[in-house]
Amino acid sequence: MHAGLQEEASAANRGDLANVGFVVGAACVAVIDTGGTLAVGRALRASVRRVTSLPVCFVVNTHVHPDHVFGNAAFVDDRPQFIGHARLAAAMAARGDNYTRAVLRDLGSVAAGSTMVAPTRVVDDTRTIDLGDRLLRLRAWPSAHTDDDLTVFDEATGTWWLSDLLFVERVPVVDGNLRGWLKVLAELRETAAPAHVVPGHGPVDPPWERALDDERRYLDTVAREVRAAIKAGLTMQQAVDTAGVSERPHWRLFDAYHRRNVTAAYAELEWED
Amino acid sequence: MPAICSTVLRHALVATLAAVTCAVAPPVRAADPDPDPQASAIWQRVRESLFQGRTIESDASAVVALDAPLRAEDASTVPIAIHTRFAQTSSRYVTQVYLVIDNNPSPIAAVFRFTPDSGRADIETRVRIEAYTFMRAIAETNDGKLYMATRWVKAAGGCSAPAGKDAAAAMANLGRMKMRVDGPVTVGKPVQAQLMISHPNSSGLAMDQVTRLYRPPYFVRKVSVSYAGRVVLEADVDFSISENPNFRFFFVPAGEGELQAQVVDSKDLSYQERLQIRPSGGSS
């Protein structure tokens, strides 16, 4: 596994922000997320080749965000199955053009060749893929971090790749459904700690309960304070200025994403009855 | 039918302005605002089409103010507020407020019309912003004078941003509306109400990566609100308004009555919402 940087995307970091990696079976390799540019995808592919000459049979995308999928193009020549949530293709179709323009604008030539590669196989609920004596159990989740979150469980090592359902140290980004995400976290919290955990951002194998509780505390605080603001008749702008600011000391990149999260939370929660 | 005529006219206007945008707008990535908001080429064209040679007072501080964040958190959802500086009376009132976003594909984002029954000609909503831009609120008073408040806003990509964090849920809720009134309601006193409309309000400017086609725009184009049968707000709007259009406005209850909202979208589908109001302090 390769750890992404806890930064915003830039030419210097080539969009290398997300945790990406691969799993090697007896017959096949599965790549899990591919990084924020074609260049990161190529570096990941080179790492695969240093470890094994087995074919890359699967590229699994955990969700639509550009820092996780823009390296897909590096694997096209391997002719793998590209696997994602049943809603991933629609999300890529809707957002791809925008993401592509943004990555070229923000990163310049470093991002050259970064394109969306749509899934060739989808997961509606759960699906198991076999790498040759090594099974990966995929699970598609209801709308949470995005509307197309997918997790990967490697039975051989007991590793659960939660990707962006779990942010460690870096402030979570709400781009799906805040209430849905809180439900997912409640379910994860009821689950026994796996042997290993890979978050989408932040160090591998964080303390299971504390990592989940930290994220839940952040999302809960935002939800609670935004609900109170809506009930009090405060506007979206007033909520953005006040809600959740007590969480600031606990998270990296708070100033870059928190106010946007409040905007999203307000737009969602104002429709609650 | 008048509705169809106005649709055609409006689209013609939008098309003209969009063409103007493409023809003369420089690529707007500037770090600094234009030195002179009057010099904006788009504004000159919009101004000519809306107001011809009429004088517009740029010292609008006694009439209208425009609040918008200098830097928006999310360019597809930028909250803005237009505040007028005096209460609506039958002798002096704001008849309409134009909201112009210079560098949007369709710069005339909204025209809000008010009456003395509005109580205050204030409006709050959320807009999409496609590029760093001047935003303008131009208030017209019942004596025919125009006053303009201007803000510079840093945000980009809001019109071409894809709609929706949860596309399936959004379409399932199309046309759902909510209306609420905050605070105590007293006869004869302006009170603020909020109208929420569940609608993709899509710009048609986000390309489908699979088909390589732009979906046609689909947006709310008209909003009418009355209280006890008297108009308090009418608005012509377009896809510069964010997904799930949201408006806060005022009305003056003369007694018990029903707040009624009617919304028409660009497919001529119409949606209605009602809210019974029982103000205190009334004789009824």
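Visitor: Where is V64(A) in the chain?
Guide: In this predicted model, V64(A) sits in the loop between β3 (56–60) and α2 (66–69) of chain A. Helices (H or I, at least four residues) and strands (E, at least two) are DSSP runs, numbered from the N terminus. Residues are numbered from 1 along each chain as its sequence is written, and chains are lettered from A in the order in which they are written. Local features need pLDDT of at least 70, and side-chain atom pairs count only at pLDDT 80 or more, while totals for chains, interfaces and linings use all residues.

Visitor: Why does V64(A) count as buried?
Guide: A residue is buried if 20 or more other C-beta atoms, placed from the backbone, lie within 10 Å of its own, exposed if 12 or fewer, and partly exposed in between. V64(A) has 28 such neighbours inside 10 Å, so V64(A) is buried.

Visitor: What does V64(A) touch?
Guide: Contact means C-beta atoms, placed from the backbone, within 7 Å. Leaving out residues up to four places away in sequence, the contacts of V64(A) include L88(A), M92(A) and D148(A).

Visitor: Which buried residues does helix α2 (residues 41–51) of chain B have?
Guide: They are I42(B), W43(B), V46(B) and R47(B). Their arc, taken from the directions from the helix axis to the C-beta atoms, is only 130°, so they lie on the same side of α2(B).

Visitor: What makes β2 (residues 29–32) of chain A and β3(A) a pair?
Guide: Two strands pair if DSSP finds at least two bridges between them. These strands have four bridges, in the parallel sense. A30(A) has F58(A) in β3(A) as its bridge partner.

Technical notes: Two residues are in contact if their C-beta atoms, placed from the backbone, lie within 7 Å.
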